[in-house]
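Colleague: I am new to this model and would like a close look at one part of it, the part you would start with. Please go through it step by step, and then say what lies around it.

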Amino acid sequence: MQSDLMQQNLDFRIQKLLQSLSWQGPNTPQIPGKMALLNVLQEKRGHLLEGDVSPIPELSSLTRKDTLTPEELYSMLGPFYLIFGPVYEEIVSYHTYRIEFLFQKTQPAPHSMFCVVADIFEDDVLLLHRAEINFWKEHYQAPKVAFVSTDYWEPGPIPKYQHIHWFGKLAYSLATIWNRYHDIIPQLEESQGGKTDETISS
Amino acid sequence: MKPFPRDTSYAHIPLAIQQVINASAKRLFQAPVTEPALTVLVTLSHTPKGLLDVLCDGIAYQVKEGNIYIWFQESDRIDTAGYYRLVRFEYVGIPASRKNLKKVVKFTLSAHQKL
């Protein structure tokens with residue numbers, strides 16, 4: 001059952017990646033990253049067929065409190081869904097933390113690459129409701145993420161912890177997974193792009 | 001949404017790990033530091049009873065080969081982030097507010113011993 005759900009999820013993401021690749025020209029800078037992700041998902045799919053259901057960071061869990069379908073989540077999360085899937089789950093300090101991604105904010109904070117709203121659970125108990133997870137760029141044109149932060153604006157009772165030290169490890173994992181597929185985008189030398197020798201020397 | 005219950009038991013932590021933490025607590029409390037170190041300050045949500053209680057207040061840590069490692073990350077970069085070995089811990093606070101003295105814990109980590 002779990003294996004079937006994992007396979008359906010992988011099939012959906014592989015299909016969307018293939019579609020996306022077929023629309024892009026051969027020199028599109030995002031192609032190497034998408035190919036790398038496609039390889040990881042296809043490899044996992046092969047392992048599933050052999051009976052290996054062990055999680056990988058790109059498919060750490062499928063457990064969600066809501067019943068949103070992959071199509072609905074993909075429409076709300078976009079390419080983010082193709083990398084992370086519906087959930088990110090990791091054990092930190094002997095607690096199991098689960099981040100259920102909900103939607104991508106259309107207007108992230110200034111200098112944020114993008115912002116995803118998510119519910120965060122600790123051992124299956126809701127810890128932060130609708131937390132905003134911001135992915136910050138290394139510099140203003142970089143495809144890589146320098147760090148990930150979370151903000152919590154929901155009015156209500158005091159959260160369990162007065163700090164987000166526990167989130168530091170999760171944030172690091174999210175940033176590392178993102179960068180794995182954006183590290184290989186060739187960087188344009190934008191400072192000199194489109195300029196003639198004369199304008200550079202003057 | 002109901003207030004989140006605070007951990008009052010350590011049942012989620014394996015017994016062997018609890019024993020390592022309790023055995024290390026006395027040795028690491030205000031221990032002298034003789035090597036390059038990193039510092040992490042964390043404001044706790046309650047007054048802790050000891051190191052195990054501190055770690056249960058949302059600290060990201062690991063226990064490996066009898067040592068405790070605490071998560072360290074500089075505020076705006078991930079390349080140096082990781083679990084570093086705990087060499088000292090102490091309670092710090094604002095002198096004017098002594099009742100909060102134990103609510104801020106300072107971890108001193110070895111800069112060279114990273115998992």
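**The sheet of chain A, starting from a hairpin**

Modeller: Strand 1 and strand 2 of chain A make a hairpin with two residues between them, and Ser93(A) in the turn has a positive phi of about 50°. Keep in mind throughout that this is a predicted model. Tyr94(A) also belongs to the loop that links strand 1 (87-92) to strand 2 (95-104) of chain A. Phi of Tyr94(A) is positive too, near 65°, and Tyr94(A) is not a glycine.

Six bridges hold strand 1 and strand 2 of chain A together in the antiparallel sense. One pair to find on the display is Tyr88(A) with its bridge partner in strand 2 of chain A, Ile99(A). Strands of a sheet pair through backbone hydrogen bonds, in a parallel or an antiparallel way.

Moving on from strand 2, seven bridges connect strand 2 of chain A with strand 3 of chain A, and these two run antiparallel. Phe101(A) has Ala118(A), in strand 3 of chain A, as its bridge partner.

The next pair is strand 3 and strand 4 of chain A, again antiparallel. This pairing extends over nine bridges. Two places in it can be picked out. Phe114(A) stands opposite Phe135(A) of strand 4 of chain A, and Val116(A) is bridged to Ile133(A) of the same strand 4.

Strand 3 and strand 4 of chain A also form a hairpin, with two residues between the strands. Asp123(A) lies in that loop, between strand 3 (112-122) and strand 4 (125-137) of chain A. Although Asp123(A) is not a glycine, its phi is positive, at about 50°. With 12 other C-beta atoms within 10 Å, Asp123(A) counts as exposed, because 12 or fewer is the limit for that class.

One more pairing remains. Strand 4 and strand 5 of chain A are antiparallel and share six bridges.

The contact takes 23 residues from chain A and 22 residues from chain B. On the chain A side, strand 4, strand 5 (145-151) and helix 5 (165-180) are the elements that give two or more residues. Helix 5 of chain A gives the most, with six residues. By type, the chain A side divides into twelve nonpolar, eight polar and three charged residues.

Elsewhere in chain A, helix 1 (residues 2-23) and helix 2 (residues 31-49) have axes that come within 10 Å and cross at roughly 155°. These two helices of chain A are therefore roughly antiparallel to each other, since an angle over 145 degrees counts as such. Their crossing is left-handed. Among the residues that meet are Leu10(A), Ile14(A) and Leu17(A) from helix 1 of chain A, and Leu37(A), Leu41(A) and Leu48(A) from helix 2 of chain A. The residues of this contact divide into ten nonpolar, four polar and four charged.

As for chain B, it has two helices and five strands, in the pattern α-β-α-β-β-β-β along the sequence. Of the 115 residues in chain B, 27% are buried.

Conventions. Residues are numbered from 1 along each chain as its sequence is written. Chains are lettered from A and ligands numbered from 1 in the order in which they are written. This is a predicted model: local features need pLDDT of at least 70, side-chain atom pairs count only at pLDDT 80 or more; totals for chains, interfaces and linings use all residues. Helices (H or I, at least four residues) and strands (E, at least two) are DSSP runs, numbered from the N terminus. A residue is buried if 20 or more other C-beta atoms lie within 10 Å of its own, exposed if 12 or fewer, and partly exposed in between; C-beta atoms are placed from the backbone. Axes are lines fitted to C-alpha atoms, for helices over the stretch in contact, and angles run from 0 to 180 degrees between N-to-C directions. Angles under 35 degrees count as roughly parallel, over 145 as roughly antiparallel, 65 to 115 as roughly perpendicular and the rest as oblique. A crossing is left-handed if the near helix is turned anticlockwise from the far one by less than a right angle, and right-handed if clockwise. Two residues are in contact if their C-beta atoms, placed from the backbone, lie within 7 Å. Ala, Val, Leu, Ile, Met, Phe, Trp, Tyr, Cys and Pro count as nonpolar, Asp, Glu, Lys and Arg as charged, and the others, Gly among them, as polar. Two strands pair if DSSP finds at least two bridges between them.
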